[in-house]
Amino acid sequence: MIYLQLFFEFAKIGLFNFGGGMAALPFLQDLSVRTCWYTFEEMANFIAISESTPGPMAINMATYVGYTTGGFFGSCMATLGIIFPALFVTTLVAKFLSQFRDNKYVNRAFYGLRPCVLALIASALVSLVGVTMLNDGWTFQTITSFINYKAILIFAVIFAMLRSKKLGKIHPVVFLALSRVMGLILY
């Protein structure tokens, strides 16, 4: 039963997810709340692992969640679930898109999706900031004692390097490796 549930839940995410892996984060947050398969903290770890491994983030996360929930077959079912709708819809769209390429309504619909995708990513970002930058048990009254200064330092260093004209051209793998080293040193 868990295998069908994994397939179905990730198929829903795959069907309604527009904008890539980061846009899937609100769906994954909702899945966490509804199924209790993982916590928000574990989701932050899933994101780190998914961003550190080759392949699309949403597929990597589906595989990881499926494995932690249902073992090898769970990972297969979750991965198939998230891939199947995209494969089906892409095949269907590819067949008919050339007929609608210059249709103003289709173009306007795609332009309308852009702000929605940005909002989905921003919503996930706000949740991740809380999980990553704040220690457990924080409240607005005691926020200074719960700020994770080490995480903020790592974020600030990597962000500054990425925005630098010279260092910003370095491959992202170098930044991932550097953040791992900083994590080992600081924690």
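Phe 46 sits at 4% relative accessibility in this predicted model, so it falls on the buried side of the 20% cut-off. Tyr 38 is also buried, again at 4%. These two rings pair up: with centres 5.2 Å apart and planes at 70 degrees, the arrangement is edge-to-face, because the angle is over 60 degrees.

Now for another edge-to-face pair, this time between Phe 72 and Phe 73. Here both residues are exposed.

| Pair | Centre to centre | Angle between planes | Geometry |
|---|---|---|---|
| Tyr 38 and Phe 46 | 5.2 Å | 70 degrees | edge-to-face |
| Phe 72 and Phe 73 | 5.4 Å | 75 degrees | edge-to-face |

On to the packing. In soluble globular proteins, nonpolar side chains tend to be buried together. The largest nonpolar core here has 22 residues, and the members touching the most others are Phe 10, Leu 25, Leu 28, Tyr 38 and Met 61. Five helices each put in two or more residues: H1 (2-16), H2 (25-35), H3 (40-52), H4 (57-100) and H5 (104-133). Of these, H4 gives the most, at seven residues.

What does Met 61 touch, leaving aside residues up to four places away in sequence? Its contacts are Leu 25, Leu 28, Met 43, Phe 46, Ile 47 and Ser 50.

There's also a second, separate core of five residues, with Ile 154, Met 161, Phe 175 and Met 182 among them.

Terms used. Residues are numbered from 1 along each chain as its sequence is written. This is a predicted model: local features need pLDDT of at least 70, side-chain atom pairs count only at pLDDT 80 or more; totals for chains, interfaces and linings use all residues. Side-chain values use heavy atoms; hydrogens and water are left out. Rings of Phe, Tyr and Trp (its six-membered ring) pair if their centres lie within 6.5 Å; planes under 30 degrees apart count as stacked, over 60 as edge-to-face and the rest as tilted. Buried means under 20% relative accessible area, exposed over 50%, partly exposed in between (1.4 Å probe, protein chains only). A nonpolar core is a set of buried Ala, Val, Leu, Ile, Met, Phe, Trp, Tyr and Cys residues joined through side-chain atoms within 4.5 Å. Helices (H or I, at least four residues) and strands (E, at least two) are DSSP runs, numbered from the N terminus. Contact means heavy atoms within 4.5 Å.
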